[in-house]
Amino acid sequence: MLLENFYESLTSWFEAKLSDKNWLLKLTLFAVFISLFLAFPPYSLLVSHLKTNGVKLDAWVFIQNQAQDLLHPKDMDFDVRRENMILRWTLPFLSFITNHNVVLILIAQAMCGVFFLHNIGRYVFRMSGDKAITGFFVLAIAHIFVSVWTFADIHGYGDGFAYFFLLTALLSRNVFVIFISLQIAFFTDERAVVAGGYLLLWWIVVKAYERNDFSLLGMVKAGLFGESAVVWAAWVCYFGVRNYVLATYFPNHSYSTIGTPVLFANAHRNGLGSSIWSAFEGTWLLMGSALLALFLTRRYWLIAALSIGFAILVATGIYVHDIDRALSYGFPFILAAVFILHKTASLTSFRLILFFTMLICVGHPQVFYMGYNKILWLEPLPMKAFMLLDKVMSWNLF
């Protein structure tokens, strides 16, 4: 009864409070505030990095080296992290235009996180026309890794930019916008290149329902033409540039970890199960509900396509230390689940599913895995304040 009253009160609150023309911006900022309060980013590590001129966060040093000479960066072979960065050009470009101002770059990434949530909310409302559904979904997404990491990443990974531009490509119907957004995402991190395939699956799902054509031939056409053709063109362009740069400027370069499923090694495997859950948290309920809807409506080809895509997502994730980052590039599967439920479920059922999805996402602590069997927790702001007090007072409780 208590949960039912809370559901009804929250639904009414959304409908009453989100009534002016800036309601979506207010919802987005509210979701960001709650998210940062419950999982406060490790900004103390950033302060230490700035005080020590880059000793704490080595990636920023190499990003500055790339910004100074993109095709001949210094100290490329310093460690495995650097060897993976030579074709990740988005952060070096931002470093160049900001005179290596790390704070400005992180502010830009945080703004991408805000607009990521805002644009997702705008799409869901345009699709559903329901502010409660939009509110539940934005709050849920704001509390899983794909959103939290945009604010918490002070290490120099830049995934927040890749997530934002992948979403921009996914939601756009403009060929130019899709192509440019994909290039920015691809040259931010190679995981985004794989995620281009998840965009193909998104358009396959959307067009299957728009055209009421769930045949294999219809799905193949949707994956090859229209917006999907832009992904194929973006891949051709990216790999053309990549192969030319590697052959011309890095002829002896190699990736020491390619072909190694590092998450199966003894030093890493403890994080595999944790990450598969925590990268999506409550949105597993959403995706599971969509899968059930597809099964009940006998959309078996869609189930096969989405299952193969998700298997690729998990398979590619186990080849890297930081699997949470890799799995979070699969956020198009969450949006596809929302779209499927919008098409197949009643408004009441849809709201309830999103309500429980939101409760799980908000209530679940933000934990993630960064390799070497280290599962990290982003502490709530009050806990962070107490930890700071503990350090100042030398109580040594932490």
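Helices here are DSSP runs of H or I with at least four residues, numbered from the N terminus. The structure described is a predicted model.

By residue type, the lining of the second largest pocket consists of 12 nonpolar and 2 polar residues, with no charged residue.

Rolling a probe the size of a water molecule over the atoms shows where empty space is left. Over the whole structure, 2 cavities of 30 Å³ or more are found. The largest cavity contains about 80 Å³ of space. Its lining has 13 residues, and Met 85, Arg 88, Leu 91, Gly 156 and Tyr 157 lie nearest the centre. At least two lining residues come from each of α4 (58–68) and α6 (90–97), and α6 makes the largest share with 3 residues. The lining of the largest cavity comprises 5 nonpolar, 4 polar and 4 charged residues.

In the second largest cavity there is about 40 Å³ of space. The residues that line this cavity are Ile 204, Lys 207, Ala 208, Arg 211, Asp 213, Gly 218, Met 219 and Ala 222. Helices α12 (191–211) and α13 (216–224) are the elements that give two or more residues to this lining. With 4 residues, α12 gives the most. The lining of the second largest cavity divides into 4 nonpolar residues, 1 polar residue and 3 charged residues.

Charged pairs were examined next. Side chains of opposite charge can pair when their charged atoms come close. With a salt bridge taken as a side-chain nitrogen of Lys or Arg within 4 Å of a carboxyl oxygen of Asp or Glu, the count comes to 16 salt bridges. In one of them, the side chains of Glu 227 and Arg 173 meet with an N to O distance of 3.3 Å.

Because Glu 227 lies in helix α14 and Lys 207 in helix α12, the pair ties together parts that are 20 residues apart in sequence. Both Glu 227 and Lys 207 are buried. Lys 207 is also one of the residues that line the second largest cavity.

Another salt bridge joins Arg 191 and Asp 322, whose closest N and O atoms are 2.9 Å apart. This pair links distant parts of the chain, with Arg 191 in helix α12 and Asp 322 in the loop between α17 and α18 (323–328), 131 residues apart. Arg 191 is buried, at a relative accessible area of 13%, and Asp 322 is buried as well, at 8%. Two helices complete the account. Thr 357 is found in helix α20 (residues 347–363). With a relative accessible area of 0%, Thr 357 is buried. Leaving aside neighbours within four places in sequence, Thr 357 is in contact with Ala 140, Gly 282, Thr 283, Leu 285 and Leu 286.

Helix α21 (residues 381–393) has 13 residues, which at 1.5 Å a residue should span 18 Å. After α21 comes Ser 394, with a positive phi near 60°.

Note on methods: Residues are numbered from 1 along each chain as its sequence is written. This is a predicted model: local features need pLDDT of at least 70, side-chain atom pairs count only at pLDDT 80 or more; totals for chains, interfaces and linings use all residues. Side-chain values use heavy atoms; hydrogens and water are left out. On a 1 Å grid over the protein atoms alone, a cavity is a set of points where a 1.4 Å probe fits but cannot get out, and a pocket is an open set with protein on both sides within 12 Å along at least five of seven lines; lining residues have an atom within 4 Å of a point. Grid points are joined across faces, edges and corners, and a volume is the space filled by probe spheres set on the points. Ala, Val, Leu, Ile, Met, Phe, Trp, Tyr, Cys and Pro count as nonpolar, Asp, Glu, Lys and Arg as charged, and the others, Gly among them, as polar. Buried means under 20% relative accessible area, exposed over 50%, partly exposed in between (1.4 Å probe, protein chains only). Contact means heavy atoms within 4.5 Å. The expected span of a helix is 1.5 Å times one less than its number of residues.
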